[in-house]
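Visitor: I am new to this structure. Please show me how to read its features.

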Amino acid sequence: MSEPVKVPTMAEMLASGEVPEVLFWVGCAGSFDDRAKKITKAIVKILHKAEVKFAVLGTEEGCTGDPAKRAGNEFLFQMQAMMNIQVLNGYEVKSIVTGCPHCFNTIKNEYPDLGGNYEVLHHTQFIRKLIKDGRLKMKGGGKFKGKRITFHDPCYLGRGNGEYEAPRDLLEKLDAELTEMRRCKSKGLCCGAGGAQMFKEAEPGNKEVNIERTEEALGLKPQVIATGCPFCNTMMTDGVKNAEKEAETAVMDVAELIANAEDL
Amino acid sequence: MGISNIVFLIVFVAAVAAFTYQVRKIRRNILLGRDTDRSDRPAERFKTMARVALGQSKMVVRPFAGLMHIFIYVGFVIINIEVLEIIIDGIFGTHRVFAPLGPAYDFLIASFEILAVLVLVACVVFLIRRYAGDIRRFRMKELTGWPKTDAYIILWVEIILMGAFLTMNAADGALQVRNDPHYVQAGSFPVSGLFVPLLANLDSSVLIATERTAWWAHIVGILLFLNYLPISKHFHIILAFPNTYFSNLNDQGKFTNMNRVTDEVKLMMDPDADPYAAPPPAEDNPGVPEKFGAKDVPDLTWKNLMDAYSCTECGRCTAECPANITGKKLSPRKIMMDTRDRMEEIGKNIDKHGKDYDDGKSLLGDYITPEELWACTTCNACVQACPVNISPLEIIVDLRRYLVMEESKSPSELTGMFNNIENNGAPWAFAQADRLKWAEEA
Ligand code: SF4
Ligand code: SF4
């Protein structure tokens, strides 16, 4: 299943005179974090399967600046943003799909003021579009048929940008049994990673946020906790491990579920 | 005009003048804040105000409390029509001046009475909830002392006002039955009418005294209450409207980009720029370079400050806050209450010592600690939950900006993260050159 996949870069495309349909913005977690790399590959497989002509920036991609901005370092954020915008505008990028809601939010909402105007989609939105346009065919009733799945809303996809349905629409395609946590959609509880918390110890309290959230999810006894964010994935995975439920419950990105269901 | 009309006029004018005076102070305090433009998209703003303030759309997320609140809210707004009549009667010595409206008047009075009962019910429910209920957001530290007393005062006063209104109508109804010439046949009293038989044995003079006392208690109570609003969380009944009108209409995930940082970053990235050029002065205060981020109330925007005066202290934000739920010190409600308290303090300083007085205190440090600020996950749950579209998150981020950019005070792991981004373009210590390695891995 996992031979290396072909991932063209913008530089290569330009050299061969080609113009991709969409730029796949991988993000730092998707590039470096071992768990998140699997999500990245799942997205790439889906893009290949749907015959989407895409490219990545590769070594020309840099952190969007999201964690710096949320932590209050506006200088660093804008430095990153302007460097990225220079590269993106240099390649005349029009359309971007991201593998992370934080990259999605930052490029979509915060880059325009700084001169970066693109059509930006989160990968769940893009995949949904592929299915809707008939470019990605789901056989339905794949591996996850009848499995109990609950979706954890990433803050920057859901509350941050009002997208609650795209990931759920995709999960429905799996013929799985979808079950919602009490705190879902606009009332979804954060996984605890946002606002640069991912990179530091939490302040003193009586519980970790990810434990609180994972307990809520595990209360539904799901076979899969689905997410749409590499950071949520880490937090929920840690939570499941903490509860020693790895055997019963997997934490997977929606893109992985789609790719796995189709045996990509 | 009798003596009582003159007394009424004096009381009324004094109350309105005192209220105006207080509101001007609040306006001045709000305008201490930095400018921010919220004048775009007026149609969308009106819609937001109609939906959130008038339509209470975010209150009913909690259906029971939402319904009770709508009783009080609708009751209060509608009974104000009655107050208008009372004011006219008070000034001109008339009695039930709107009575010639006939059936419409009967309908109005009847609906006021029913609403008054609903308000009473809701206030009693809310009191029980606060005294005996086990609702965490009403039991927290920031809701002890004055904020707690404030909440009780409001509910009790509303009970007294509604009680006075019904008492007044009951006595009036009893006098109408006796064909007292001053008490014209007017109104329909579905609630107070039930008490009229109980008053049958009372002397007319007692009834008149009761009716007058209740009348005065009702109107003086309302005028006092009007002047209580500006020092209370209850001021939200006024500010909820402008505050939702000036809501942030962007996606909640979008944070502001600081223009002055943009200017400086552009300079840094421009090879032709003069690196020794002086930083441009702040727009509204030439000569003093603007701070990066906020340390004190005047560094926040006027909208942040209006938010603080609009806060109902309901704690819905804190009840949804992941940091607070897991026992961290951060409470978004406290952020808003601190901002208001500090703003009031600065306002008092200005009154006493003039505009440029510096008391050596600041919002950051004396009111809000870095520990609270660093616990925030920027998840927007507080913003989403707030029934009057307040953003505690904007204040939190602005205070963080000050800590990081002016004082270089961030938790050491975050400083490490900043360095990584700066040096390798990723928050972890991986080499930029390895960014595409995942594609080669099986
Ligand atoms: S944005 Fe911050 S303060 Fe608001 S609910 Fe989330 S963690 Fe709490
Ligand atoms: S900020 Fe909003 S939700 Fe929080 S206490 Fe104030 S009014 Fe309630």
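Visitor: Which residues are closest to ligand 1?

Guide: This is a predicted model. In it, 13 residues surround ligand 1. The closest are B:C321, B:C376, B:T377, B:C379 and B:C382.

Visitor: Which helices of chain B each supply at least two residues of that shell?

Guide: Two names to look for are α15 (381–385) and α16 (392–406) of chain B. Each gives the shell around ligand 1 at least two residues.

Visitor: How many residues of the shell around ligand 1 are nonpolar, polar or charged?

Guide: The shell has 10 nonpolar and 3 polar residues.

Visitor: Now the cavities. What does rolling a probe over the atoms show?

Guide: A probe the size of a water molecule shows where empty space is left. Here, the structure holds 11 cavities of 30 Å³ or more. The largest cavity has about 110 Å³ of space.

Visitor: Which residues line the largest cavity?

Guide: Chain A supplies A:G27, A:C28, A:A29, A:C63, A:T64, A:D66, A:P67, A:C100, A:H102, A:C103 and A:F231. By class, the lining of the largest cavity has 8 nonpolar, 3 polar and 1 charged.

Visitor: What span should helix α10 of chain A have?

Guide: Count 1.5 Å a residue, taking one less than the number of residues. The 13 residues of α10 (residues 230–242) of chain A should therefore span 18 Å. The end C-alpha atoms of this helix are 18 Å apart, which agrees. Just after α10(A), A:E244 takes a positive phi of about 55°.

Visitor: Is B:K47 buried or exposed?

Guide: Exposed means over 50% relative accessible area. B:K47 has 60% relative accessibility, so B:K47 counts as exposed. This residue is found in helix α2 (residues 42–54) of chain B. B:K47 and B:Y245 are 198 residues apart along the chain, yet 8.2 Å separates their C-alpha atoms.

Visitor: Which domains does the assignment give chain B?

Guide: Domain 1 is 3–30 + 62–245, domain 2 is 259–411 and domain 3 is 412–442. The C-alpha centres of domain 1 and domain 3 of chain B lie 64 Å apart.

Key: Residues numbered from 1 in each chain as written. Chains lettered and ligands numbered in written order. Predicted model: local features only at pLDDT ≥ 70, side-chain atom pairs only at ≥ 80, totals over all residues. Heavy atoms only, no water. Domains from an automatic or database assignment. Helix = DSSP H or I, 4+ residues; strand = E, 2+ residues; numbered from the N terminus. Buried < 20%, exposed > 50% of the residue type's maximum accessible area, 1.4 Å probe, protein only. 1 Å grid on protein atoms, 1.4 Å probe; cavity = no way out; pocket = protein on both sides within 12 Å on 5 of 7 lines; lining within 4 Å. Points joined across faces, edges and corners; volume = space filled by probe spheres on them. Nonpolar A, V, L, I, M, F, W, Y, C, P; charged D, E, K, R; others polar. Near = heavy atom within 4 Å.
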